[in-house]
Amino acid sequence: MKGFVSTLFFLGISTSPILSQTLVEPNQNFVWETFSFVFPEPVVVKQESTISKKLTVYPAKRDGFFMIVRTLPWSEPLIDKTLWMDSVFTRGIEPKTFPKILGNINFQVFQADQVRNQNALRNQVWICLDSKPALWIWIQWKSDRKDLNEFFESNRFLSL
């Protein structure tokens, strides 16, 4: 009986996500995996570590944006890449896709505007299959925040 309980305890620990939260100040480099991120205002960064790793970023003081970063468990998506856009952007307005090159890393960026809960939102999904691990970044911010438009669209959040 004692061995059975300790086995269940061990299995529970090994399959449960490990969570941590960190407060990151503006313009401070936050390193995760092999990537370095910078944020325009104080943010809370929540890290989750399971089989694949996940980072959730949201402002510490006010609404305006959130970001989810994940490592991908495969080197190529198993489905048609155009379906990525449909899976993230529910009723996206003028969806488009374009390549971005930062340093020597290639990203495929999917972008669409969206209206949700009477807020005009801008969405971008960045997919990088060149890096190890492969990277998936989803950023959503309020379109009326011109400072965030400039910050995210000029790629200042990802310093390589």
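The model is predicted, so local features are reported only at pLDDT of at least 70 and side-chain atom pairs only at pLDDT 80 or more, while totals for chains, interfaces and linings use all residues. Residues are numbered from 1 along each chain as its sequence is written, and side-chain values use heavy atoms, with hydrogens and water left out.

**Stop 1: β5 and β6**

Select residues 53–59, strand β5, together with residues 65–72, strand β6; the two run antiparallel and are joined by four bridges. Strands here are DSSP runs of E with at least two residues, numbered from the N terminus, and two strands pair if DSSP finds at least two bridges between them. Within this pairing, Thr56 has Ile68 of β6 as its bridge partner. Next, select Gly64: in the hairpin of β5 and β6, with five residues between the strands, this glycine takes a positive phi near 155 degrees.

Strand β6 is mostly covered, with six of its eight residues buried. Buried denotes under 20% relative accessible area, exposed over 50%, and partly exposed in between, computed with a 1.4 Å probe on protein chains only.

**Stop 2: β10 between two partners**

Cys128 stands opposite Leu135 in β10.

In a regular strand the side chains alternate between the two faces of the sheet.

**Stop 3: the aromatic residues**

Rings of Phe, Tyr and Trp (its six-membered ring) count as a pair if their centres lie within 6.5 Å; planes under 30 degrees apart are stacked, over 60 edge-to-face, and the rest tilted. By this rule there are nine aromatic pairs. One of them joins Phe107 and Trp126, edge-to-face, at 5.3 Å centre to centre and 75 degrees between the planes. Because Phe107 lies in strand β8 (residues 105–116) and Trp126 in strand β9, the pair ties together parts that are 19 residues apart in sequence. Phe107 is buried, at 2% relative accessible area, and Trp126 is buried at 0%.

Finally, select Phe65, Phe107, Trp126, Trp141, Phe151, Phe152 and Phe157 together: these residues form one aromatic cluster.
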